[in-house]
Amino acid sequence: MRKIIYILIQFTWGFLQTLFGLVVFLTHVKDKHYFYHGAIITEWSGKSSVSLGMFVFITKEPFFYEKLKDEYSADELWKRLLVHEYGHTIQSLILGPLYLPFIGIPSTIWGFSPSLNGRRKIKQISYFSFFTEKWANHLGEKFTQEKSMENLVID
C-alpha cells in the first residue's frame, strides 16, 4: 500500500520532476532497471547520479571511488549513494512542485559549478554538507534504515 501511495504522490504532487524522470528513463530503456522502496532505479554509465521524482539514475562507477577505495568497497559506496539518491525522492514527495527550484537547481549548481568544485576541493568540504544533500542523506537513512553518504569528502 505504501508503494502505491508513493507512486501516486510522485505522479501528482511531484508531476514535473517525475515527468522529466520518465523522459530520461525512456532514453535509457536498455539500461538495468529495478524497484527500490517504490522508486524506479536505473543504473547508467554516467559518472554522477540524479533523482527526478520517482526515478533515480545511479552511476555504476562513481567518479569518487578511486579517492575512497582504501576506506570503502565499491559496493558499499554504491549502496550508500543509492540511499542518498532515494532521499531525494522523498524530498520530491514533500516539496512537490517546489522540488526543482528548492532542491534540483541549488543541488546542480553546488555539484557542477567550477568555482564551488574548486572551493570544496581546496578546503576539503564535503559535497554532502550542502543543505539539499544533507537533508537527502537524512531522509534516505530514515526511510530505508540504511547508511547514506554521511559527510564524505568526494572532491
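Leu19 counts as partly exposed because its relative accessibility is 35%, which falls between the limits for buried (under 20% relative accessible area) and exposed (over 50%), with a 1.4 Å probe and protein chains only. The model is predicted, so local features need pLDDT of at least 70 and side-chain atom pairs count only at pLDDT 80 or more, while totals for chains, interfaces and linings use all residues. Residues are numbered from 1 along each chain as its sequence is written, and side-chain values use heavy atoms, leaving out hydrogens and water.

Leu19 belongs to helix 2 (residues 15-27); helices (H or I, at least four residues) and strands (E, at least two) are DSSP runs numbered from the N terminus. Together with Phe15, Leu16, Phe20 and Val23, Leu19 forms a nonpolar surface patch with about 440 Å² of accessible area. An α-helix has 3.6 residues a turn, so residues three or four places apart point the same way.

The strands form an open sheet of four in the order 1-2-4-3, with mixed pairing; two strands pair if DSSP finds at least two bridges between them. Strand 1 (32-36) and strand 3 (50-52) are the edge strands, each pairing on one side only. Strand 3 runs antiparallel to strand 4 (residues 55-59), and three bridges join them. Ser51 has Val56 of strand 4 as its bridge partner.

Helix 4 (residues 74-95) has 22 residues and spans 32 Å from its first C-alpha to its last, close to the expected 32 Å at 1.5 Å a residue. Helix 4 is largely enclosed by the rest of the structure, because 17 of its 22 residues are buried. Just after helix 4, Gly96 takes a positive phi of about 55°.

Methods. Patch = residues over 30% accessible without salt bridge, like charges linked within 9 Å, V, L, I, M, F, W, Y side chains within 5 Å. Areas by Shrake-Rupley, 256 points an atom, 1.4 Å probe, with all protein chains shown as cover. Salt bridge = Lys/Arg side-chain N within 4 Å of Asp/Glu carboxyl O. Expected span 1.5 Å × (residues − 1).
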